[in-house]
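I opened this entry to keep track of what I looked up. My notes follow the order in which I went through the model.

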Amino acid sequence: MINYSERIPNNVDLSGNRTLQRALEQWQPSFRQWWDDMGPDGSSNYDVYLRTAVSVDPKGWAHFDYVKMPDYRWGIFLAPSAGDRKIHFGEHKGEPVWQDVPGEYRSTLRRIIVTQGDTEPASVEQQRHLGLTAPSLYDLRNLFQVNVEEGRHLWAMTYLLHAHFGRDGREEGEALLERRAGDADNPRILTAFNEKTPDWLSFFMFTFITDRDGKFQLAALAESAFEPLVRTCRFMLTEEAHHMFVGESGVARIIQRTCEVMRDLKTDDPVKLRAAGVIDLPTLQKYLNFHYSVTGDLFGAEVSSNAATYYTNGLKGRFEEGKLDDDHTLHDDEYTILDVADERIVERHVPALSALNERLRDDWIRDVQAGVDRWNRIPARLGVDFRFKPPHKGFHRRIGLFAGAHLSPEGELMSEAEWTRRHLEWLPTEADRLFVHSLMSRCLEPGKFANWIAPPARGINNQPVEFEYVRFN
Ligand SMILES: [Fe+2]
Ligand SMILES: [Fe+2]
């Protein structure tokens, strides 16, 4: 169970380690200040129907109640230890897992944890103005739930830094609160986390696609030889599932609404649909293309010696490493990647160890595709002849082997001139963004939804859809 009687809720016996407890209690006011400065805009007095973790039990860990967000009990929750686990991949395979960081991997592990940790506050910063244009109380509550949990993920990573990396770790904990998404002088570490999330369509695409990058990164880290990281990531993954649900169902509800209007007006003309106040399906596809390509870059270069080293040293595994049937060292294995050669896209076989970034990206691609397939049932059901399709993985990439190439979403290579002429057929234009922006206005009557999005099939925690998910004071 989680101990809520202490200043920092935890299930790690924090009071048994006074030095660590004091260090985190010193960081706590800085976190709170960061939340006040960069958390959801103008929301500090709202009562929000939020879930809070009460145990780390996979079933029934959540408790729902009204909470003012600044009073949310952020804390440190680790999934239970799996007993005497052995390292199950890489050169240390078969050895006991580490309860503390081996000296030789200290700086690498710190870098991995800081990079993951940096994304958590970044997304809160990217989303901080969205509450002002929420399409419903239900959606506003979901936004805030995602935000407080990203704040808790920052706590999770900061705990690891404080508990295992001494003074360096404490300095990194401070720096995590100082960088700012999109700031020219002190930006967040990864590009996708410096983009704007200016409207709710972007928010839903982000939580569907980019939080799913989070799922795969956390899942790979949850295989690590460093046991505290494993237990931290396992619990974070249970929270992440809700973020992806918010994104997938959010876009699904937009598709639903648009398809209903298409059916009623008997048209697929974007001009008429926009005039009717809904987002035409080709524009949704462009947003999918954008978020998909920007997020694809987060997995890094297709061929990476760092990825090989992380794996060999036991720091980061593959997705579901434990379920894979091979030798878990990958010395003799190959993996197929795509490359550009002589103005063609070609397959190349490279050592599997060097291709682990690409492998994780492929796992993510399959997962995104499954979600897109679920979206496609909506136009199919409503008799609308349109299907969404994730773009080619080389489309609009800035990192890796496709960074210098120009591809259509279908995967045809083209010249830079042709790309310049045509890319706005595939990515949101300024006019598209302005149109989406023009739909964003607050709809806060319980049970009412903005015109461009359908209500959800059911409410949160078995509450009705018209439940008062947020109370304003
Ligand atoms: Fe997160
Ligand atoms: Fe998330």
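Predicted model: local features only at pLDDT ≥ 70, side-chain atom pairs only at ≥ 80, totals over all residues.

K266 lies in the loop between α6 and α7 (270-275). Is K266 buried or exposed? I counted 7 other C-beta atoms within 10 Å, so K266 is exposed; the cut-off for exposed is 12 or fewer. K266 is not a glycine, yet its phi is positive. I noted the background: most residues other than glycine have a negative phi.

Next I looked up D13. Its phi is also positive, near 50°, and D13 is not a glycine. D13 sits in the segment before α1 (18-38). D13 counts as exposed because it has 9 C-beta neighbours inside 10 Å.

Then I went back to α6 itself. The helix covers residues 227-265, which is 39 residues. I checked its reach: 57 Å from first C-alpha to last, close to the 57 Å expected at 1.5 Å a residue. Where is the kink in α6 centred? I found it at T238, with a bend of about 30°.

I turned to the nonpolar core. The largest one has 112 residues. Which residues have the most contacts inside it? I listed I76, L201, M205, F226, V251, I254 and I255. Helix α3 (residues 137-164) gives the largest share of this core, with 15 residues.

Leaving out residues up to four places away in sequence, L201 touches I254, I279, Y287 and V436. I254 is also on the list of residues with the most contacts inside the core.

Helix α5 (residues 200-221) and helix α8 (residues 281-296) have axes that come within 10 Å. They cross at roughly 35°, and the crossing is right-handed. Which residues meet there? From α5 I wrote down L201, S202, M205, F206, I209, T210 and D213. From α8 I wrote down Y287, L288, H291, Y292 and T295.

My last stop was L434, in helix α12 (residues 430-439). L434 is exposed, because 10 other C-beta atoms lie within 10 Å. I also checked L434 against D199. They are 235 residues apart in sequence, but 9.9 Å apart in space, C-alpha to C-alpha.

Notes:
Residues numbered from 1 in each chain as written. Chains lettered and ligands numbered in written order. Helix = DSSP H or I, 4+ residues; strand = E, 2+ residues; numbered from the N terminus. Expected span 1.5 Å × (residues − 1). Bend = angle between axes of the 7 residues up to and from the residue. Buried ≥ 20, exposed ≤ 12 C-beta atoms within 10 Å, placed from the backbone. Core = buried A, V, L, I, M, F, W, Y, C linked by C-beta atoms within 7 Å. Contact = placed C-beta atoms within 7 Å. Axes fitted to C-alpha atoms, helices over the stretch in contact; angles between N-to-C directions. Left-handed = near helix turned anticlockwise from the far one by under 90°.
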